[in-house]
Amino acid sequence: MLKGRTAIVTGSTSGIGLGIARGLAGAGANVVINGFGKPEDIEKERAGLESEFGVTCVYSPADMTKPEEIAGMVAMAEEKFGAVDILVNNAGIQLVSPIDEFPIAKFDQIVAINMVSNFHAIRAALPGMKKRNWGRIINVASAHGLVASPFKSAYVAAKHGVVGMTKTVALEIAEQHITCNAICPGFVRTPLVEAQIADQAKVNNMPVENVIRDIILASQPNKRFVEVSEIAALAVFLSGDHALSINGTSISIDGGWTAR
Ligand code: NAD
């Protein structure tokens with residue numbers, strides 16, 4: 001379905017990004033993976049994607065807080081593959097803290113990685129997409145791009161920003177066979193959420209089991225974590241030709257959380 005296409009997936013050495021990279025590679029796309037981790041683990045992932053799916057996969061160590069590295073990642077992909085057809089802005093971090101105690105540097109870092117990096121990547125990838133008259137931009141936002149929770153000021157602000165930026169980009173590129181959409185997952189049990197469970201336990205002075213039952217899954221009516229594979233399947237669908245008319249929207253994949 002995506003044979004001959006090239007995708008960049010930011011923050012794909014772990015969790016949702018890794019799942020999306022696997023999904024896109026499984027559909028035939030060449031993939032640029034990105035993110036932090038042990039070099040041997042990243043190389044295992046890179047080589048594994050190539051051998052499992054018969055695609056070409058390269059790794060970019062670009063730091064999503066550094067605009068010139070983000071632009072360099074896009075330029076590298078265009079040089080290696082001739083195009084960036086699919087851009088998945090997924091890298092993200094979280095910190096749970098009351099706003100009046102929120103560390104300033106951490107707030108800035110969350111906004112930079114979760115929101116501003118999307119701007120830099122889109123800015124760099126869009127000229128090539130326009131030239132080729134085809135493109136897919138998928139921003140991994142969150143249910144927290146649509147609703148709020150206490151103690152997540154930076155994350156909620158950044159993700160609402162991502163949803164707003166998604167709509168703006170969608171309007172700018174609508175006539176050029178390019179789409180820009182946001183995926184808004186509920187809770188997925190990745191390392192990011194494991195850290196949050198621990199943070200929430202601390203902030204609320206509660207045992208971990210109670211945090212999962214009473215805080216994390218309290219918001220999800222279906223009482224289960226979202227699976228990475230479910231998000232990957234949605235990203236693959238949005239990347240296909242049949243998703244051309246889906247533009248500027250935020251697709252919730254949250255078990256009904258934001259239907260409340
Ligand atoms: P994760 O911690 O498993 O993965 C985050 C990825 O981002 C890793 O590959 C990490 O190396 C990378 N990363 C972090 N800082 C980076 C930087 N400066 N430059 C480049 N890469 C960087 O987290 P996850 O749960 O898979 O989250 C992925 C995305 O999904 C995030 O945007 C997150 O906000 C969003 N999300 C997660 C959940 C959830 O419940 N896990 C729910 C909704 C949205």
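Which residue just after α2 takes a positive phi? That residue is Gly-54, with a phi of about 65 degrees. The structure is a predicted model, in which local features need pLDDT of at least 70, side-chain atom pairs count only at pLDDT 80 or more, and totals for chains, interfaces and linings use all residues. Residues are numbered from 1 along each chain as its sequence is written, and side-chain values use heavy atoms, with hydrogens and water left out.

Helix α2 covers residues 39-53; helices (H or I, at least four residues) and strands (E, at least two) are DSSP runs numbered from the N terminus.

Within α2, Ile-42, Glu-45, Arg-46 and Leu-49 are buried, that is, under 20% relative accessible area, where exposed is over 50% and partly exposed lies in between (1.4 Å probe, protein chains only). Seen down the axis of α2, the buried residues fall within an arc of 95 degrees, so they line one face of the helix; the arc is that of the directions from the helix axis to the C-beta atoms. The face turned away from the buried side carries the exposed residues Glu-40, Lys-44 and Ser-51.

The protein chain is divided into domain 1 (6-186 + 226-253) and domain 2 (189-225), with bounds from an automatic or database domain assignment. Their C-alpha centres lie 24 Å apart.

Key:
Expected span 1.5 Å × (residues − 1).
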